[in-house]
Amino acid sequence: MKALFSFSLFMLSALGFGQTNVSGAISSDTTWSLSNSPYTVTGNVLVASDVTLTIEAGVTVKVNSGLYIKNEGVLTAVGTSSNKITFESSEESPAKSDWSGIRIRPTGGSAIDGSQNYSSGSQFKYVVIKHADIGLYIYDAGLHVSYTEFDTNKYGIEIRKTDGVVIDNSTFTGNSAGIWSEYEDYTSDDYVGAISNTFIMNSSFSENSNGIDLIMNQRDFINLNITKNIFTENNIGIDFGGGGYGPRVHSVLISENIVYNSTSYGVNLNRVYGQGTGTSLDYPLEFTKNIVLNNARGSLMFEYSPSVKFKIHKNILVSNTADVNCIASIGSPSTSNHLFDNNTIISKGKNVYFGGSSSYHANNISFTNNLFSNSSTNEIIDVKYGSGHVFNNNNLINPSSAGYFLKNQTANSIDAENNYWGTVIESEIQDLI
């Protein structure tokens, strides 16, 4: 019986069911092998500068409460589609924030090439990260992350003062925020700085409080690209800006995403502080070719920007819930001249609603060459506050007998020329003042 027991232990180890406790500094090149998995982090782990930690496919790393893995060297975690590497809580009943997370420091990042492919340095591919406070915290570095799952973390990824972060073909499920940026940090030495050359693409976000939540205070977003992702059943799919004063925008592209079934807004383009340093773009923020539909509080909410113009074009924006506005602005005084053009905007509520108050509202918003369709008793366009709005060369169809094409509740005139009001000929604007 004793011999059988010893043989069983040997077989478990040979089949990859050993167990290894790890803690402290890794000061020479090291491999965490499948044969010694799972690894249990019993004290904080540091991968020192100029040292490589290689984690083999299929390895499981369990982390004790409150601990972290800090990388100042090269951390190579590359699994396969059928044999992923897992970082998770060691608790019997795991939950968000059980362990601190993986911290990528300034010397511990990746280099990427001009096509956003991995070139050298640290890499996460076919990895699962769950139960962390911040799954991957990337500070003053770039990082290439692909085919990685972020599940039940407080934050899946935080980017702070980064340059060259690629997040490709990854999934974010059940996190407070899938991808997040801090507004400001007044307590640590990791100050909030410009976020440059970021590519979030081909990924899926589901059942998070916010899929993407990028705020940051008065620092630049430079070449931020959020493209070809799917967002479903989040509270908000994409939340950009706000948090107070909001960020500066040098160049932001949000394109070819699908956002649906949010419990709040599909997309929230919130407060922006001002233009990024040295931008030459007429429209530093471009929201284009997205499909946003069936979100509980509407497709798109936007607020003010004192100097940054948004270009919102070639999107399909659909609200399928009665009395929910498809596009809305709560707004603050703005002279940003945002442009909505060549969109298809379909709603069971109001297609466009400019709300706010007499003191805080949007101004100077232009809608040109859009298709509006409405199947309720609401107005297609309702302007409660603001001045300088323009509605030219649009097609407004399927009005109800009880609602208006355009309801102007302000004391200001609205430029509404060359529109088609449900017919093939232009007719008079319906004005309520």
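So, Ser-37: at 5% relative accessibility this serine counts as buried, where buried means under 20% relative accessible area, exposed means over 50%, and partly exposed is in between, with a 1.4 Å probe and protein chains only. Ser-37 sits in the loop between β2 (30–32) and β3; helices here are DSSP runs of H or I with at least four residues, strands are runs of E with at least two, and both are numbered from the N terminus.

Before I go on, a word on what we're looking at. This is a predicted model, with local features needing pLDDT of at least 70 and side-chain atom pairs counting only at pLDDT 80 or more, while totals for chains, interfaces and linings use all residues. Residues are numbered from 1 along each chain as its sequence is written, and side-chain values use heavy atoms, leaving out hydrogens and water.

Back to Ser-37. A polar atom of its side chain lies 3.0 Å from the backbone nitrogen of Thr-60. That's a polar contact, a pair of N or O atoms within 3.5 Å; within protein one must be able to donate a hydrogen and the other to accept it, and residues adjacent in sequence count only if both atoms are side-chain atoms. And look at the next peptide bond: from Ser-37 to Pro-38 it is cis, with omega near 5°.

Where else does a side chain reach a backbone nitrogen? His-338 does this to Phe-310, at 3.0 Å. His-338 is in the loop between β37 (327–329) and β38 (339–341), and its relative accessible area is 1%, so it's buried. Beyond four places in sequence, its contacts (heavy atoms within 4.5 Å) include Phe-302, Glu-303, Asn-364 and Ile-365.

Then there's Ser-251, in the loop between β27 (248–249) and β28 (252–255). A polar atom of its side chain is 2.7 Å from the backbone nitrogen of Asn-223. Ser-251 is buried because its relative accessibility is 13%. Among the residues it touches, beyond four places in sequence, are Phe-221, Leu-281 and Pro-284.

Okay, zooming out. Of its 433 residues, 55% are buried. Of the contacts with a separation of 6 or more, 70% are between residues 24 or more positions apart.

What about the cores? The largest nonpolar core has 88 residues, a core being a set of buried Ala, Val, Leu, Ile, Met, Phe, Trp, Tyr and Cys residues joined through side-chain atoms within 4.5 Å. Strand β3 (residues 39–47) gives the most to this core, with four residues. Phe-87, Ile-102, Phe-124 and Leu-136 are among those with the most contacts inside it. Phe-124, for one, touches Leu-75, Phe-87, Ile-102, Leu-136 and Val-145, among others. There's also a second, separate core of eight residues, including Ile-134, Tyr-139, Tyr-155 and Ala-177.

Asn-197 has a phi of about 50° and lies in strand β21 (residues 195–201); with a relative accessible area of 28%, Asn-197 is partly exposed. Lys-289 has phi near 60°, in the loop between β32 (285–288) and β33 (291–293), and at 46% relative accessibility Lys-289 counts as partly exposed.
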